[in-house]
Amino acid sequence: MSLHFDGRTGARVLAQRFQQLDRLLSEARHWWQYQPYHHLDLAFAKAAPALAERLNALSLAEIERLDGDMPALCELLAPWIPQGSALHALSALPTLTAEPIPCERTMAMYMPGRKQAQIEAFTACLPVHRGPYLEWCAGKGHLGRLVSLHRQAEVLSLELQAPLCEEGRQLAARDGARMAFVCADAFADETAQLIAPAHHAMALHACGELHTHLIEQVAARGAEGVTLSPCCYHLIRTSHYRPLSGPAKASVLRLAKSDLKLPLQETVTGGARIARLREQEVAWRLAFDCLQRQVRGVDEYLPVPNMQKSLLTGTFEDFCGWAAERKELVLPAGLDYAGFLAKGEARYGDVARMELVRHLFRRPLELWLVLDRALFLQEQGYRVEVGEFCDKPMTPRNILIRAVRARHG
């Protein structure tokens with residue numbers, strides 16, 4: 001089923017796809033709407049002992065392989081989660097374009113290679129528009145620069161950080177791009193006034209509420225259209241997700257920030273060293289969790305803040321000291337750090353198995369969130385397309401929403 005469409009038929013396709021996803025995700029929410037770190041063993045061990053036994057027989061290498069092979073994972077879990085194959089099919093999206101717009105060599109200077117490829121692919125997906133464009137959360141304006149030069153159009157670039165604005169101005173002048181930079185907070189009331197009816201807004205990987213706020217302001221200001229690739233759905237200012245569209249508001253799903261992190265667990269591989277450090281960090285966090293439960297006398301998970309990766313070059317005991325300080329815990333002398341570390345390493349396998357099951361719902365939940373945004377724009381009078389603007393190796397956040405104000409008569 002394609003989500004690349006025009007007219008009323010396409011509008012129905014969006015709504016139908018959302019309703020199907022919503023029904024299946026709701027039916028199976030006990031399989032994914034929980035936090036593995038909070039459990040000392042497999043969360044479903046009692047309810048589904050045969051599944052626990054099957055997963056416990058898998059090596060970590062087999063788990064990693066299944067995590068990258070969704071059809072195989074659907075087949076493995078089918079006796080317990082029959083919705084898997086349907087969810088996998090519903091998560092398939094068309095590719096919106098296959099011919100990215102290349103940057104000139106001099107223009108691509110100072111652009112990370114993967115980001116350059118994303119910008120080129122995103123630019124190729126923009127709908128026909130003579131300008132002007134509004135670049136939201138522009139950074140140095142790399143996207144706006146390519147669009148300005150390729151489309152021979154004016155671009156207004158909004159960015160919070162003044163140094164990035166200044167560097168963007170210099171790069172635009174160097175390349176001859178018709179760009180103006182505004183240093184402003186995207187959430188400020190006066191910022192909405194920058195969105196003009198003639199604008200086509202664009203945002204490549206604007207995080208969380210930065211892109212939902214853009215969508216709402218584009219609709220409120222009656223802008224010509226918006227093209228965006230959502231990212232970091234969990235970066236919201238409330239404890240739970242605020243649905244935008246009518247169908248999402250009517251859903252029984254109530255999504256916490258922790259649920260919104262699930263789609264982001266699909267990442268581009270960073271090599272063996274990065275994988276080892278990730279495994280070490282998770283094992284250490286789980287080991288510290290075992291330790292803090294004993295020290296506090298409270299049998300519940302205690303989240304620890306993000307850490308500098310340099311901590312991983314020290315000892316586990318050093319890490320525990322750092323974590324205890326952040327959580328204002330006093331660690332008694334004589335703790336069996338080696339014993340706690342062994343417990344953490346054992347729990348790592350359980351968490352990997354629980355995450356494997358949850359990852360069956362990773363892309364379907366992301367598409368649910370994307371379709372909520374698309375349906376909202378549809379409700380506001382836009383013709384909307386949803387598809388992939390690049391392959392996942394370039395970025396797993398490869399879904400694009402393209403909306404243009406509908407013309408009547």
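Analyst: The model is predicted.

User: What covers the buried residues of α6, and which residues are they?

Analyst: The buried residues of α6 are Gln116, Gln118, Ile119, Glu120, Ala121, Phe122, Thr123 and Ala124. Their cover includes α7, β4 (200-207), β5 (225-231) and β7 (399-405).

User: Why are α7 and α8 called roughly parallel?

Analyst: Helix α7 (residues 142-151) and helix α8 (residues 162-175) pack at an angle of about 25 degrees, with their axes 10 Å apart. Angles under 35 degrees count as roughly parallel, and α7 and α8 are therefore described in that way. The crossing of α7 past α8 is right-handed. His142, Arg145 and Leu149 of α7 make the contact with Leu171, Ala172, Arg174 and Asp175 of α8. By class, this contact of α7 with α8 has 3 nonpolar, 1 polar and 3 charged residues.

User: What makes α3 and α14 roughly parallel to each other?

Analyst: The axes of helix α3 (residues 60-67) and helix α14 (residues 337-358) cross at roughly 20 degrees and come within 10 Å. The limit for roughly parallel is under 35 degrees, and the term therefore applies to α3 and α14. Here α3 passes α14 in a left-handed crossing. On the α3 side, Leu60, Ile63, Leu66 and Asp67 meet Tyr348, Gly349, Ala352, Arg353 and Leu356 of α14. Sorted by class, the contact of α3 with α14 has 6 nonpolar, 1 polar and 2 charged residues.

User: Why is α9 said to be mostly covered?

Analyst: A residue is buried at under 20% relative accessible area, and 10 of the 14 residues of α9 are buried, so the helix is mostly covered. Those residues are Gly208, Glu209, His211, Thr212, His213, Leu214, Ile215, Gln217, Val218 and Ala219. Among the elements covering them are β4, β5, α15 (362-379), β6 (382-388) and β7. Helix α9, residues 208-221, reaches 20 Å from its first C-alpha to its last, close to the 20 Å expected at 1.5 Å a residue. Just after α9, glycine 222 has a positive phi of about 70 degrees.

User: Why is histidine 205 called buried, and why is glutamine 152 called exposed?

Analyst: Histidine 205, in strand β4, has a relative accessible area of 15%. Buried means under 20%, so histidine 205 is buried. Glutamine 152, in the loop between α7 and β2 (155-159), has a relative accessible area of 55%. Exposed means over 50%, so glutamine 152 is exposed. Each is a residue other than glycine with a positive phi: near 60 degrees for histidine 205 and near 55 degrees for glutamine 152.

User: What makes proline 163 exposed, and where is proline 163 found?

Analyst: Proline 163 is found in helix α8. Its relative accessible area is 60%; the cut-off is over 50%, and proline 163 is therefore exposed. Proline 163 and glycine 139 are 24 residues apart in sequence, with their C-alpha atoms 9.3 Å apart in space.

User: What kind of peptide bond joins glycine 131 and proline 132?

Analyst: The bond is a cis peptide bond, with omega at about 0 degrees. Proline 132 lies in the loop between α6 and β1 (133-135).

Methods: Residues numbered from 1 in each chain as written. Predicted model: local features only at pLDDT ≥ 70, side-chain atom pairs only at ≥ 80, totals over all residues. Heavy atoms only, no water. Axes fitted to C-alpha atoms, helices over the stretch in contact; angles between N-to-C directions. Helix = DSSP H or I, 4+ residues; strand = E, 2+ residues; numbered from the N terminus. Parallel < 35°, antiparallel > 145°, perpendicular 65-115°, else oblique. Left-handed = near helix turned anticlockwise from the far one by under 90°. Contact = heavy atoms within 4.5 Å. Nonpolar A, V, L, I, M, F, W, Y, C, P; charged D, E, K, R; others polar. Buried < 20%, exposed > 50% of the residue type's maximum accessible area, 1.4 Å probe, protein only. Expected span 1.5 Å × (residues − 1).
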